[in-house]
Amino acid sequence: MDMNSIKSVYFIGIGGIGMSALARYFKFIGKEVGGYDKVATQLTEELETAGIEIHYEDNVDLIHAKYKEVASTLVIVTPAVPQEHSEWKYFKTNQFEIKKRSEVLGIITKDTYCFAVAGTHGKTTTTSILGHLLFQAGLDVTAFVGGVVENYQTNLIGSGKTITVVEADEFDRSFLRLFPNVACITSTEADHLDIFGTAEEMVVAFKDFANRLPDANKLFVTEAVDLDGIQVGFGSNCIYQATDIKVVDGWYIFNIVTPKETIKNVYFGLPGRHNLSNALMAFAMASDYGVDTQKLIEGLKSFRGVRRRFSYKIRRDDLIYIDDYAHHPTEIKAASQAVHEMHGDRKIVAVFQPHLYSRTKDFMSEFAQALSTFDHVVVLDIYPARELPIEGITSSKLLEQISSNVKRLVAKENLIEYLKASDAEIILTIGAGDIGEMVQDIKIALEKK
């Protein structure tokens, strides 16, 4: 595919977090950009504000004529769109160039020096921090992020032409379409078993991803990843190691041991040891590339986080509201560790919306154990996303296995009233479904308490 011959780019599913970053990119480089999505969201509103045309009805007649020119239009589709979607059928029938998001990222990264961030957990935060570090250091970089970075209020960092930073997504084996020069793997824990079948098959896919590196010495791994690479973490065997970790006034202050030096009193502001691990990984990749150490230290301190990744929405003396995207048991445990480390002596209510019937089925007991680390748990109905219900897999079944002192199944439409009536000092919402669209309304309601 010759990008120079493409004048217009049309997205089916433009409101997805990864799709919207690509839409911004193509808009920036001067292409006509438009698309469809099922519902309007905060992300689609931000895209429209940026001059991108979007409609919300599956109707070929609503597609502007400039996106119906076969020779000059690229169509990008999300895997979540059903085969019977009429707009997708139209483009297929008329033999348009149709690509998945991962294929387009592959095309973009092939001609750049690419940093690829893979792993079951930590991709978005690590990608965000790495993109921020490289951009703040003055490099010619563009980072495609699976979340809105608070420093930039967008999911696209920079506008560079020579360096890219991308999330290497294991779902649907998408990361095997990328061309990384440097890569990290933060975790190979089981997930997406509806795609891989077994945890072992998923690990095979991560190995295949690692083998795409032209230089095997450019793979970075955490201590939890059983693959050969430059090890990054907290253990004494790590090549890049965080030591002497303290929490002071909401900051992590720690030292970093590198192959060349020990850097003292580094500041990082995101709560949770998982986030500290992500920061260390980003530091290691950027440092190995040759970025000035002082600029990296400044970048870590100035990084403000990612929307829906342990995001403080309210931070008063009497009430704290935190929102997090956690949708896997390990991520929930990480959020629990963070909130208890920072605010453990206060009354916490955790609200969880399970994401996918298959994931809830595969990890039912693990979800229950992770949620049981909270004293008070609220569970919403399962968000189906791309799936149909599975018999016997319900939020009620999950609730039965949770051992918290207080546990409730609450309908989504009743959640705000429930939280307004709560005497909790800390409220934490977690999940990857449409609970994210409720965050602003929850914030507004709680601010009035």
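## Cores, sheets and helix packing in a predicted model

The largest nonpolar core has 44 residues, and those with the most contacts inside it are Leu130, Leu134, Phe220, Phe268 and Leu300. Helix α8 (residues 273–289) supplies the largest share of this core, 9 residues. Apart from it lies another core, of 41 residues, which includes Ile52, Leu178, Phe209 and Ala210. The model described here is predicted.

Leaving aside its neighbours within four places in sequence, Leu134 is in contact with Phe115, Leu139, Val141, Ile163, Val165, Ala286 and Val291.

### The open sheet

An open sheet of 10 strands has mixed pairing and runs in the order β8-β7-β9-β6-β10-β11-β12-β13-β14-β15. The edges are formed by β8 (154–157) and β15; each has a single partner strand, so one side of each is left without a neighbour in the sheet. From one strand to the next, the twist averages 20°.

Within this sheet, strand β7 (residues 141–149) and strand β9 (residues 163–168) pair in the parallel sense over 4 bridges. Helix α4 (residues 101–110) packs on the sheet and touches β6 (113–118), β7 and β9; the direction of α4 makes about 150° with that of β9. Helix α7 (residues 199–210) also packs on the sheet, where it touches β6, β9, β10 (182–185) and β11 (219–222), and its direction makes about 160° with that of β10.

Is strand β18 (residues 348–352) enclosed or left open by the rest of the structure? In β18, 5 of the 5 residues are buried, so the strand is largely enclosed by the rest of the structure. Ile348, Ala350 and Phe352 point one way from β18, whereas Val349 and Val351 point the other way, and all are buried.

| Partner of β18 | Sense | Bridges |
|---|---|---|
| β21 (residues 426–430) | parallel | 5 bridges |
| β19 (residues 376–379) | parallel | 4 bridges |

Val349 has Ile427 as its bridge partner in β21, while Phe352 stands opposite Val379 in β19.

### Helices α10 and α12

The axes of helix α10 (residues 329–343) and helix α12 (residues 364–371) come within 9 Å and cross at roughly 5°. The two helices are therefore roughly parallel to each other. In their contact, Pro329, Ile332 and Lys333 of α10 meet Glu366, Phe367, Ala370 and Leu371 of α12. The residues of this contact divide into 5 nonpolar, no polar and 2 charged.

### Residues with positive phi

Most residues other than glycine have a negative phi. Against that background, two residues deserve mention. Asn265, which lies in strand β15 (residues 262–268), has a phi near 55°, a positive value in a residue other than glycine. Arg308 is not a glycine, yet it has a positive phi of about 70°. Arg308 is placed in the loop between α9 (293–302) and β16 (311–315). Is Arg308 buried or exposed? With a relative accessibility of 11%, Arg308 counts as buried, because the cut-off for burial is under 20%.

Terms used:
Residues numbered from 1 in each chain as written. Predicted model: local features only at pLDDT ≥ 70, side-chain atom pairs only at ≥ 80, totals over all residues. Heavy atoms only, no water. Axes fitted to C-alpha atoms, helices over the stretch in contact; angles between N-to-C directions. Parallel < 35°, antiparallel > 145°, perpendicular 65-115°, else oblique. Contact = heavy atoms within 4.5 Å. Nonpolar A, V, L, I, M, F, W, Y, C, P; charged D, E, K, R; others polar. Core = buried A, V, L, I, M, F, W, Y, C linked by side-chain atoms within 4.5 Å. Buried < 20%, exposed > 50% of the residue type's maximum accessible area, 1.4 Å probe, protein only. Pairing = 2+ DSSP bridges.
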